[in-house]
Amino acid sequence: MKNLVAALVLAGAALFGLTACSAPAAPAAQSAISADAVVIDVRTPGEYAAGHLEGAMNIDVQSSSFDSQVSTLPTDGDYVVYCRSGNRSAAAAARLADLGFTSVTDAGALSSAAVTTGLPVVTTP
């Protein structure tokens, strides 16, 4: 009986694996981002200067003025936030939601955000 159960589990896993491999690719995340989305780099100013997405504004999520800086933005706009590794962007997205922002995309790390948005990484001279 144990062999039968094991065989069924393996067969199911194999079938699922084949189905997953033949499934159509998911649409690119870029298509989910609106063209008028505001991109926010939530890292420190030094990190931002070293390399950020073109056109991104810098609002450091760890700054005591984060809430007051984002309060100048419309809560019904579309926003994309990113950081170095995805930890601070997740915290920023949660904070923005707490502040009433209704459309916030956490793009994670800078490299992932570049792929998601299609924006190049630039440095501040």
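Quick word on what we're looking at. This is a predicted model, where local features need pLDDT of at least 70, side-chain atom pairs count only at pLDDT 80 or more, and totals for chains, interfaces and linings use all residues. Residues are numbered from 1 along each chain as its sequence is written, and side-chain values use heavy atoms, with hydrogens and water left out.

Now, the overall parts list. The protein has five helices and six strands; these are DSSP runs numbered from the N terminus, helices being H or I with at least four residues and strands being E with at least two. Read from the N terminus, the order is α-β-α-β-β-α-β-α-β-α-β.

Back to V80. What is its bridge partner in β5? That's T105. Strand β4 (residues 78-83) and strand β5 (residues 103-109) run parallel, with six bridges joining them. To get from β4 to β5, the chain goes through helix α4, residues 87-98, and this β-α-β crossover is right-handed. That means: point the strands away from you, and the path from the first strand over the helix to the second runs clockwise. Also on this pair of strands, C83 stands opposite A109 in β5.

Zooming out, four strands make an open sheet, ordered β3-β1-β4-β5, with parallel pairing. At the edges are β3 (57-58) and β5, each with a single partner strand, so one side of each has no neighbour in the sheet. What about β4? Five of its six residues are buried, so β4 is largely enclosed by the rest of the structure. Buried here means under 20% relative accessible area, with exposed over 50% and partly exposed in between, using a 1.4 Å probe and protein chains only. Across the protein, buried residues make up 31% of the 125 residues.

Last, the helices. Helix α4 lies across β4 and β5, at about 150 degrees to β4. Helix α5 (residues 110-117) packs on the sheet too, touching β4 and β5, and its direction makes about 130 degrees with that of β5. Those angles run from 0 to 180 degrees between N-to-C directions, with axes fitted to C-alpha atoms, for helices over the stretch in contact, and contact means heavy atoms within 4.5 Å.

Terms used:
Two strands pair if DSSP finds at least two bridges between them.
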